[in-house]
Every structure is written in structure tokens, then in C-alpha cells.
Amino acid sequence: MNPPSKDISDMLVAGSLSLVVGTNLFIGREPEAPNDCVTIFDTPGYPPEMYYSNEYRYFYPSIQIRVRDIEYLEGWDLINDIKLLLHNRGQETWNGTLYSAIACTIEPALLDWDQNNRARFVTTFDIQRR
Amino acid sequence: MAKISGMDNVLRNLNKEIGKMEKASGRGLIKSAALLRRSMDTEAPLIPVDFGHLRGSWFTDLRHYTKGYEMRLGFTANYAWYVHENVGANFKRPGAGAKFFEAALKRNTDKILEIIRREAKV
């Protein structure tokens with residue numbers, strides 16, 4: 001089972017947003033360059049479902065997606081497109097993991113202007129998968 | 001025709017018990033807030049601390065309305081949201097991390113509901 005960030009990056013790549021892993025789409029660590037990029041972080045989720053058997057598994061992870069862009073409006077457009085692409089998706093299998101539900105739980109918002117004067121936006125998604 | 005007596009007493013006692021439940025629910029909310037606050041200082045991600053202003057700005061506000069209790073809780077430091085959402089930042093305090101409040105809420109949801117249920121039990 002991949003970290004959620006990996007499978008979500010595959011969804012974004014397939015989502016015709018012109019995102020390419022390692023070029024303008026990153027996982028876990030936001031690089032210094034390029035200026036305009038998307039980074040996916042694995043963040044704390046709800047505890048997994050408890051069963052009295054190891055056979056049944058159901059997880060509730062979370063991710064944060066961060067968009068950085070020199071242009072405020074372009075950055076906001078991209079993070080909003082990402083929200084529209086992922087929010088309310090479900091019943092899809094990616095890399096052998098069934099994603100039952102993906103929901104945006106924190107609306108895209110401006111985090112800050114970084115030291116290089118680039119706007120950084122964040123949004124959070126709660127996920128259910130097994 | 002059969003006559004039922006003592007209804008006034010039943011209603012009075014019922015209202016008394018409902019009143020007790022309401023008070024107990026407020027107590028459950030206060031205990032839940034204490035659990036959350038403690039959890040953010042004992043289980044990672046902990047509240048990031050630099051000078052301690054953010055950590056010290058924790059507040060709980062319990063209000064009683066006619067329809068029941070309402071509790072607001074959080075941090076009043078104006079940069080709290082920035083620190084909370086700054087995933088990947090290197091914080092000074094070992095074990096500290098972004099999403100410290102959200103994580104505490106998520107891992108304690110069941111405990112909170114149980115505390116409120118237990119307190120509200122007549």
C-alpha cells in the first residue's frame with residue numbers, strides 16, 4: 001500500500017492539470033525550485049477502523065496539498081482545480097488500493113507569501129481507503 | 001373512567017433530571033476540552049513552542065443557551081492558523097508539528113463522545 005500522497009499524485013497527473021511528478025509535482029518536501037509547484041504532504045488522519053481480525057482493514061488518512069505560485073490568481077486557480085478534481089471522488093482503485101471516498105475538509109486558503117515572494121495556498125483532504 | 005394522578009410530580013421530576021443531564025453535558029464538554037489540551041502536549045504532533053505565546057493562547061469558552069451548551073475552543077494567537085497549516089516546517093520543540101489541533105481532535109473523537117455520554121448519563 002502506497003502512502004496516500006503517492007496515489008493522490010497519480011490522480012493529479014491523470015487529471016489533465018499539466019502536473020508531472022518531479023517537475024512541478026512533489027511529495028513530502030517542497031523544493032526551492034521551480035517557483036510554481038504543487039506539493040503533497042501526508043498529514044494526521046482519524047485512527048483506522050477497529051476489527052477483531054487482521055483481515056479487515058479500513059483507513060482514514062489525510063493529506064495536505066500546497067500550491068506555490070509567483071502569480072496569486074494562477075496559484076488560486078490551480079488549487080481550486082485540484083479541489084474540484086479530488087473532492088467527492090470515491091470507489092476508485094489506484095495502485096491496488098480502493099479509495100472509497102475523498103473529501104476536501106479545509107477549503108483552499110492563502111498560507112503565506114514565502115521569502116521569495118511566492119504565494120502559497122493550502123487545502124486538506126480526508127480520505128477513506130482499504 | 002380511570003383517573004391518572006401524580007402527572008405533575010412525574011413531569012417535575014423529569015424536568016429536574018433533564019436539567020441535571022444538561023449540566024452534566026456541560027461538564028462533559030469541559031472534560032473533553034481538558035483532554036484535547038493535554039493530548040496536544042503529550043502526543044505528537046505537539047503544539048510548536050518558540051516563545052510559548054501560541055501554546056499559552058489556548059482558550060475554552062462554554063456558553064449556556066436555552067437549547068443547551070456550546071463550547072468554543074482553540075488558540076487566540078493570530079498566527080495560530082499559519083503554524084497549524086505549515087506542514088513540513090522545522091519546529092524547535094521536539095515532537096512538535098503542524099496540524100497539532102486537527103490531529104488531537106481526530107485521534108480523540110471517540111474518547112470525547114464517550115466522556116460526554118458518560119457525564120450525561122442519569
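A polar contact is a pair of N or O atoms within 3.5 Å, of which, within protein, one must be able to donate a hydrogen and the other to accept it. The legends below describe close-up views of a predicted model.

**View 1. A:Asp112 is joined by polar contacts to A:Arg120 and to B:Tyr82.** A:Asp112 belongs to strand β5 of chain A, and with a relative accessibility of 13% this residue counts as buried. The side chain of A:Asp112 meets the side chain of A:Arg120 in a polar contact of 2.8 Å, while a polar contact of 3.1 Å links the A:Asp112 side chain to that of B:Tyr82 in the other chain. When residues up to four places away in sequence are set aside, A:Asp112 touches A:Arg118, A:Ala119, A:Arg120 and B:Tyr82.

View 2. A:Pro44, A:Tyr46 and A:Leu111 provide 35% of the area that chain A buries against chain B, which is more than any other three residues supply. The contact draws 18 residues from chain A and 13 residues from chain B.

**View 3. A salt bridge connects A:Asp126 with B:Lys106.** The closest N and O atoms of A:Asp126 and B:Lys106 are 2.8 Å apart, and the count between chain A and chain B is 1 salt bridge. Across the same interface, 7 residue pairs are in polar contact, with both residues at pLDDT 80 or more. On the side of chain A that touches chain B, the elements giving two or more residues are β2 (37-46), β3 (60-69), β5 (97-113) and β6 (119-129) of chain A. The residues on that side of chain A comprise 9 nonpolar, 5 polar and 4 charged.

**View 4. A:Cys37 and A:Cys104 are cysteines without a disulfide.** The whole structure, searched over all chains, contains 0 disulfides.

**View 5. A cis peptide bond joins B:Ala44 and B:Pro45, with omega about 0°.** B:Ala44 sits in the loop between α1 (7-42) and α2 (53-56) of chain B, and B:Pro45 is found in the loop between α1 and α2 as well. B:Ala44 is exposed, with a relative accessible area of 55%. Although B:Ala44 and B:Ala96 are 52 residues apart in sequence, their C-alpha atoms are 6.4 Å apart in space. Leaving out residues up to four places away in sequence, B:Ala44 touches B:Gly95 and B:Arg107. In chain A, a cis peptide bond with omega about 0° joins A:Ala33 and A:Pro34, and A:Pro34 is placed in the loop between β1 (25-27) and β2.

**View 6. A:Asn117 and B:Lys99 have positive phi values without being glycine.** Phi of A:Asn117 is near 60°, and this residue is in the loop between β5 and β6 of chain A, where A:Asn117 is exposed at a relative accessible area of 54%. B:Lys99, with a phi of about 60°, lies in the loop between α3 (80-85) and α4 (100-120) of chain B; at 1% relative accessibility, however, B:Lys99 counts as buried.

Notes:
Residues numbered from 1 in each chain as written. Chains lettered and ligands numbered in written order. Predicted model: local features only at pLDDT ≥ 70, side-chain atom pairs only at ≥ 80, totals over all residues. Heavy atoms only, no water. Contact = heavy atoms within 4.5 Å. Buried area = accessible area lost by both parts, 1.4 Å probe. Salt bridge = Lys/Arg side-chain N within 4 Å of Asp/Glu carboxyl O. Helix = DSSP H or I, 4+ residues; strand = E, 2+ residues; numbered from the N terminus. Nonpolar A, V, L, I, M, F, W, Y, C, P; charged D, E, K, R; others polar. Disulfide = S-S within 2.5 Å. Buried < 20%, exposed > 50% of the residue type's maximum accessible area, 1.4 Å probe, protein only.
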